[in-house]
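The following exercises are to be worked with the sequence and the 3D structure at hand. Each task is followed by a solution in steps.

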Amino acid sequence: MTPTESSSSLVIATRESRLALWQAEHVQALLQARGHRVQLLGMTTQGDQILDRSLSKVGGKGLFVKELEVALEQGRAQIAVHSLKDVPMDLPEGFALACVLEREDPRDAFVAPRYASLDELPAGAVLGTSSLRRQVLLQALRPDLRITPLRGNLDTRLRKLDEGQYDAIVLAAAGLKRLGLGARIRSIFTPEAMLPAAGQGALGIEVRSDRADLIAALAPLAHTPTWLAVSAERAVSRALGGSCSMPLAAHARWVQSQLQLDAAWGDPEGRVPLVRASAAAAVQSHAEAEALGMQVAASLRARGAMETTMAMTAMTEPAATGVPSSAA
Ligand SMILES: NCc1[nH]cc(CCC(=O)O)c1CC(=O)O
């Protein structure tokens, strides 16, 4: 750091949901501890405004990041903090992922006032979820449940549960834990029962790719084991065309020095059984992590994932099935 760099103030562009603000403040504190002056710039994205339609129908993941990128482009901010799960597989030209921070719990959580776990729900109970992945995986576990779309930020989702619109909801454990709402979690799904989404629980920091100085300043915040794991997960999504209209799960974890990657692909209408694939490798670089992801994607495709992907185009049209979906 040169004196001029450390004395200049950095601005973090952030969405204004409580979770987004927590995440931006977390990065702000990490940077302040390293001697940077950091301010926040709160903004509303299209993804926050559109609450009545499935996000997959109106543009998908990018909706949560685009306004923030415009702020970076215009120089109103230098840093955008994202839940990596909401970040498109390939960033637009001119933007880069400077680093990935240590992951919070990547698993999904079951929240319900009257039931302690999915198994306890009576037949026909109404279960709210916010992504195709969760819908498909939960329907495979409990075909008898009425799985219903659930949109909105964390507080909104919990309020809808508390108002009695759902018997139970399933959402990311990471968000609840970050906001101090971990006590609402009745049970956590093991990855074996319900495989998380690529990048779930991890935070990514986006900058303009011409800011090599900033990328260097952010490098100490990186958590390499998380970054390699999410690189492998995101490579699976990318290889399969990665959009949030695809019910895809990808989860990597370290088993000693090996990265174990598990992925699942489901047909939203349940016409074919879930397709699963796994592989492990002694990954040491992003290239090796991505190769592992591509290998698992190829296995998924060999087992039928691609065919149903084609069939899904019709499914994502309005009113075709009414399946829930979002960037979750
Ligand atoms: N799709 C919205 C979203 N993006 C990130 C999280 C949770 C936190 C995380 O995964 O880092 C959530 C909420 C959820 O899926 O329940």
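Two strands pair if DSSP finds at least two bridges between them. Helices (H or I, at least four residues) and strands (E, at least two) are DSSP runs, numbered from the N terminus. The model is predicted: local features need pLDDT of at least 70 and side-chain atom pairs count only at pLDDT 80 or more, whereas totals for chains, interfaces and linings use all residues. Residues are numbered from 1 along each chain as its sequence is written.

**Exercise 1. Determine which strands pair with S10, and in which sense.**

Step 1. Strand S3 (residues 79–83) is joined to S10 by four bridges in the antiparallel sense. In this pair, Ser83 stands opposite Leu203 of S10.

Step 2. Strand S4 (residues 95–100) also runs antiparallel to S10, with five bridges between them. Here Val100 is placed opposite Gly204 of S10.

Step 3. Consider burial next. A residue is buried if 20 or more other C-beta atoms lie within 10 Å of its own, exposed if 12 or fewer, and partly exposed in between, with C-beta atoms placed from the backbone. Strand S10 (residues 203–208) is largely enclosed by the rest of the structure, because five of its six residues are buried.

**Exercise 2. Describe how H10 and H11 pack against each other.**

Step 1. The axes of H10 and helix H11 (residues 286–302) come within 7 Å and cross at roughly 40°.

Step 2. H10 and H11 are therefore oblique to each other, given that angles under 35 degrees count as roughly parallel, over 145 as roughly antiparallel, 65 to 115 as roughly perpendicular and the rest as oblique.

Step 3. Residues in the contact (C-beta atoms, placed from the backbone, within 7 Å) include Leu228, Ala232 and Val236 of H10 and Ala289, Leu292 and Val296 of H11.

**Exercise 3. Which residues touch the most other members of the largest nonpolar core?**

Step 1. A nonpolar core is a set of buried Ala, Val, Leu, Ile, Met, Phe, Trp, Tyr and Cys residues joined through C-beta atoms within 7 Å.

Step 2. The largest core has 85 residues, and those touching the most other members are Ala232, Val236, Leu259, Ala263 and Leu300. Helix H10 (residues 224–239) supplies the largest share of this core, eight residues.

Step 3. Leaving aside residues up to four places away in sequence, the contacts of Leu259 include Leu228, Ala232, Trp254 and Leu292.

**Exercise 4. Is Gln256 buried or exposed?**

Step 1. Gln256 lies in the loop between S11 and strand S12 (258–265).

Step 2. Gln256 counts as exposed because it has 7 C-beta neighbours inside 10 Å.

How values were computed: Contact = placed C-beta atoms within 7 Å. Axes fitted to C-alpha atoms, helices over the stretch in contact; angles between N-to-C directions.
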